[in-house]
Amino acid sequence: MSTTSVSGRVKGFGLAIGLLSFLLILALLALIWQSTARMPWQSSPVMQTLRGEVSGSVGMMAPTAPVTDSYAYEEKGYDLAASAEDRARVGERVIRNGSLSLRVDRVETRLAEARAIATAENGFVADANVVDREGVKSATLTIRVPQDAFDRTLARLKELASTVFNESTNTEDVTAQFVDLEARLGAARAEEAQYLRILEDADTIEETLQVTARLGEVRARIESMEGQLRYLRDRTEYSTIRVSMTEEARVQVPTPVWRPGETLRESLRDLVIALQGLADLLIALAVFLFGLVLPVALGVMLVAWIVRALWKKFRSK
């Protein structure tokens, strides 16, 4: 084989490899273009909006701290100081709680009077429980009354007692938490409205799914904050008073009436009952002896007679 023919074959093989590589590159570019064409939502105005202003607002929404503990706000760095304008707008949001431990003459009577006091002050009894321990009754109840009736209700409840064992009150200012929750709730509702407008412009299934997922997240935050606001409104509009009542121990005085005839009849009745019990015991003993002991005794006597007979026969031999 000549050198010219070998050189020609090498060149042809190189051209074939180059052409094949070029075709593979073209096929790869075509695949990339088709994949991009199938996802127009990535560059659509709806998704650009999602990645832009709305997603920015989502990132700016801070998590809501629990409203049941103001220290959680301080630990997370939230500003608890409510401005004068905020206090004038929402009013003083203060949680007031109280507890009383009382000794009363009659629990049931004083419990009914406590219910009447709560009703008279436009409040209600949330729960009540009465316990009787060996004739000494005690009760616990929880009263909810409007904030402006808290001190008056506390004073009226103390008048029911012969002795006030313990009295305690505590106050918590939650105005800042209330203002903070209202602001966050307003921002979340505005964000939800913007997502709803974006959802109206969605053209593809992918866009609809993306916006719906964001709407679900915002709606969950809104419902959580609404629940916390309802809790704060309830606790600040109505105070809570927990009352425990213990009845005074009473000594029962013996009756001055003497009824010897009744005492005799009761004694005779007890005697008849005792004799009936003794008779039942004797009957049960007789049945036991007849049914168990007598057959055993007869068996023992039979065995003894047989042994004696055999012994006599043995000796006679």
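**Entry 1: a charge over a ring**

I started with arginine 93, whose charged end sits over the ring of phenylalanine 178, 4.3 Å from the ring centre. A reminder to myself before going on: this is a predicted model.

**Entry 2: the overall layout**

Next I looked up the elements of the chain and found nine helices and five strands. Read from the N terminus, they run α-α-α-α-β-α-β-β-α-β-α-α-β-α. I also checked burial: of the 317 residues in the chain, 26% count as buried.

**Entry 3: the aromatic pair**

How many aromatic pairs does the structure hold? I found one. Its partners are phenylalanine 124 and tyrosine 238, with ring centres 6.0 Å apart. Their planes stand at 50 degrees, so I wrote the pair down as tilted; stacked would need planes under 30 degrees apart, and edge-to-face over 60.

I then asked which parts of the chain this pair links. Phenylalanine 124 belongs to strand β2 (residues 124-133) and tyrosine 238 to strand β5 (residues 238-247), so the pair joins distant parts of the chain, 114 residues apart. For accessibility, I noted 39% relative accessibility for phenylalanine 124, which counts as partly exposed. Tyrosine 238, at 27%, counts as partly exposed too.

Most residues other than glycine have a negative phi. Asparagine 122 is not a glycine, yet I read a positive phi of about 65 degrees for it. Is this residue buried or exposed? At 60% relative accessibility, asparagine 122 counts as exposed, because the cut-off for that class is over 50%.

**Entry 4: α5 with α6**

For the helix pairs I noted two values each, since two packed helices are described by the angle between their axes and the distance between the axes. The axes of α5 and helix α6 (residues 150-158) come within 10 Å and cross at roughly 160 degrees. Angles over 145 degrees count as roughly antiparallel, and therefore I put α5 and α6 down as roughly antiparallel to each other. The crossing of α5 past α6 is right-handed.

**Entry 5: α7 with α8**

My last pair was helix α7 (residues 175-200) and helix α8 (residues 205-237). Their axes come within 9 Å and cross at roughly 155 degrees, which makes α7 roughly antiparallel to α8. Which hand does the crossing of α7 and α8 have? I noted it as left-handed. Sorting the residues of the α7 contact with α8 by class, I got 15 nonpolar, four polar and 10 charged.

How values were computed: Residues are numbered from 1 along each chain as its sequence is written. This is a predicted model: local features need pLDDT of at least 70, side-chain atom pairs count only at pLDDT 80 or more; totals for chains, interfaces and linings use all residues. Side-chain values use heavy atoms; hydrogens and water are left out. Rings of Phe, Tyr and Trp (its six-membered ring) pair if their centres lie within 6.5 Å; planes under 30 degrees apart count as stacked, over 60 as edge-to-face and the rest as tilted. Helices (H or I, at least four residues) and strands (E, at least two) are DSSP runs, numbered from the N terminus. Buried means under 20% relative accessible area, exposed over 50%, partly exposed in between (1.4 Å probe, protein chains only). A charge sits over a ring if NZ of Lys or CZ of Arg is within 6 Å of the ring centre and within 35 degrees of the ring normal. Axes are lines fitted to C-alpha atoms, for helices over the stretch in contact, and angles run from 0 to 180 degrees between N-to-C directions. Angles under 35 degrees count as roughly parallel, over 145 as roughly antiparallel, 65 to 115 as roughly perpendicular and the rest as oblique. A crossing is left-handed if the near helix is turned anticlockwise from the far one by less than a right angle, and right-handed if clockwise. Ala, Val, Leu, Ile, Met, Phe, Trp, Tyr, Cys and Pro count as nonpolar, Asp, Glu, Lys and Arg as charged, and the others, Gly among them, as polar.
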